[in-house]
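These are my notes on the model for you to read beside the coordinates. Please follow the numbered points in order and look up each residue as it is named.

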Amino acid sequence: MSTPTSDVLIIGGGVAGLTLALEVADQRSVTLVRPAQDDQGASRWAQGGIAAVLSPDDDLEAHINDTLIAGDGLCDVEAVRFTVTHGPAAIQWLIDQGVPFTPETDPAARYPYHLTREGGHNARRIIHADDATGRAVVDTLLDSVAQHPNITQRNDLTVVGLLQDVHGTCHGAYGNDTNQQWHSLTARHTVLATGGASGLYRHTTTPAPSSGEGMMMAAELGARLMNLEFQQFHPTCLFDPEGPAFLISEAVRGEGGHLLNEAGERFMLALDKRAELAPRDVVARAIDAEIQRSSLGHVWLDIRHLGEKAIHHHFPTIQAHCASRGIDITQQAIPVVPAAHYSCGGVATNLQGATNVANLYAIGETACTGLHGANRMASNSLLECLVFARSCAQALLADAEQNGLTTSSSEFQPPTPAAAATFPKAVLSDIRQQMRTTMSQHVSIVRSTTGLSTALEHLKTLLNSVEGIQGALKAPEGKRLHQTLQLALLTVIAAQQRHESRGLHYSTDWPHQRPQAIASALSINDLTDALEKNR
């Protein structure tokens, strides 16, 4: 087992992880663990863009207010103000890095890059690179990371756990390589940038979504998890049961797209004055209701009235992808369904990304900063990645200056898993699919007390099944599935404890809001208590 050391260990290579690496690498050694396939993370698939106050016609207070409204009373006001205030500088940093944002062609415009509008925003403040913003940002940052001499990339490892000393301090991580060899990676600071938990569900907007493994790695060390019940379902994922997941950006509705029911009628007009640009929770529930009333299994998103030239100009990636699936969006409406898209909850952090575990940080979707509250507003996600990665970098550099850099390659040893698994991997795959089906049926857009209880029992049974397979918890696949099932159970527990409907959590048994909004907080002990009941 090798034990290399670095000043900063970053697990995850999306926008948050790449940004942090570049911000600290001039002064600190960095090990960046990221997938060998660049398309596995959610960042690359972000289409719409990044929200920030950039135009002279916009202002910070308006963006703050829009975010607070979308968060349905559960946002941390300080976190919102911090994020929005630091947004313009974060965008300028990306521009300086060379991200090819789409220029504005209108000579009368007061900002040089095109700004679009999305749900929940009362102004055009979404800067984008056509309709493939995530890909443009990731590619640009990845090029810089690859050229930096102080950043070591490891794309041969699957990290499955974190290292902790007897004092409770995090000192790195351990994982398995492509040759089934185990490695420990020690570091002065460890940062989780592992993404969210959309992979808990059957239908997602990302082809290979995370399933909350990073969140549970943190919880295993004692980190607090917050607001797990608020899982955002993007209203418009391409409906194609036979094909891979593909997101139809909210910018499509921002530019004037209409949602149509089975009869070809717009249905959002009667439900919300913002119509198709209402917050995502409102639109997703409306679409879900229409699907339940129809026989199609989807609704339609129609942009034919925008004209072929405008469609090609604004949405070349979406147009090309739909064409590859046999849909000409200039002549046909797009079949869409809601799909798991973004986790508003995660590892609780402060404004610098620090968790309650010493030397452990979390940034990006795996963190819960308080920015999103009960419902993330469109295009605030990449903004959060940038702002908190840059803030985290400042904290890491300052902490290293104050306390010195002390890493050890011998003091901290991970558990020693079995060299090879003897169980059939198809069994684990089947358990994972059962979990996703259970979560999609009972812990989705609309929930009930009965459904959540059913889900809890099913998930307990699946967890017991994994624990009962000899050698499963000593293999990477089994360990990660075990973490995923644990997070699914904690998500159900969080939903059961919220006796109201707020934001992304809608319960048929508790359809009204409580007067006071309270964030949820859970730990590994809450899971232990739940599993002990009725045993």
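1. Helix α1 (residues 15-24) crosses α5 in the left-handed sense, where left-handed means that the near helix is turned anticlockwise from the far one by less than a right angle, and right-handed would mean clockwise. The two axes come within 10 Å and cross at roughly 35°; axes here are lines fitted to C-alpha atoms, for helices over the stretch in contact, and angles run from 0 to 180 degrees between N-to-C directions. Helices (H or I, at least four residues) and strands (E, at least two) are DSSP runs, numbered from the N terminus.

2. Please keep in mind that this is a predicted model, in which local features need pLDDT of at least 70 and side-chain atom pairs count only at pLDDT 80 or more, while totals for chains, interfaces and linings use all residues. Residues are numbered from 1 along each chain as its sequence is written, and side-chain values use heavy atoms, with hydrogens and water left out.

3. Contact, meaning heavy atoms within 4.5 Å, joins Val15, Leu18, Thr19 and Leu22 of α1 to Val137, Val138, Leu141, Leu142, Ser144 and Val145 of α5. By class, this contact of α1 with α5 has eight nonpolar, two polar and no charged residues, where Ala, Val, Leu, Ile, Met, Phe, Trp, Tyr, Cys and Pro count as nonpolar, Asp, Glu, Lys and Arg as charged, and the others, Gly among them, as polar.

4. Helix α5 (residues 133-147) also meets helix α4 (residues 87-97), with axes that come within 10 Å and cross at roughly 65°, and this crossing is left-handed. Trp93, Leu94 and Gln97 in α4 touch Val137, Thr140, Leu141 and Ser144 in α5, and the residues of this contact divide into four nonpolar, three polar and no charged.

5. Which strands form the open sheet that contains β14? Four strands take part, in the order β11-β14-β13-β12, with antiparallel pairing; two strands pair if DSSP finds at least two bridges between them. Because β11 and β12 (258-260) stand at the edges, each with a single partner strand, one side of each is left without a neighbour in the sheet. The twist averages 45° from one strand to the next.

6. Strand β11 (residues 231-238) has eight of its eight residues buried, that is, under 20% relative accessible area, with exposed being over 50% and partly exposed in between (1.4 Å probe, protein chains only). Its antiparallel pairing with strand β14 (residues 334-343) runs over six bridges; His234 has Ala339 as its bridge partner, and Cys237 stands opposite Val337. Helix α8 (residues 280-293) lies across β11, β12, β13 (299-302) and β14, running at about 60° to β11.

7. A nonpolar core is a set of buried Ala, Val, Leu, Ile, Met, Phe, Trp, Tyr and Cys residues joined through side-chain atoms within 4.5 Å. Of the 60 residues in the largest such core, Leu162, Leu225, Met439, Leu459 and Leu485 touch the most other members, and helix α14 (residues 476-497) gives the largest share, ten residues. Leaving aside neighbours within four places in sequence, Met439 is in contact with Leu200, Tyr201, Ser444, Leu459, Ala488, Thr491 and Val492. Apart from this core lies another, of 50 residues, including Val30 and Leu54.

8. Leu225 has Leu522 in β18 as its bridge partner, and strand β10 (residues 225-226) pairs with β18 in the antiparallel sense over two bridges.
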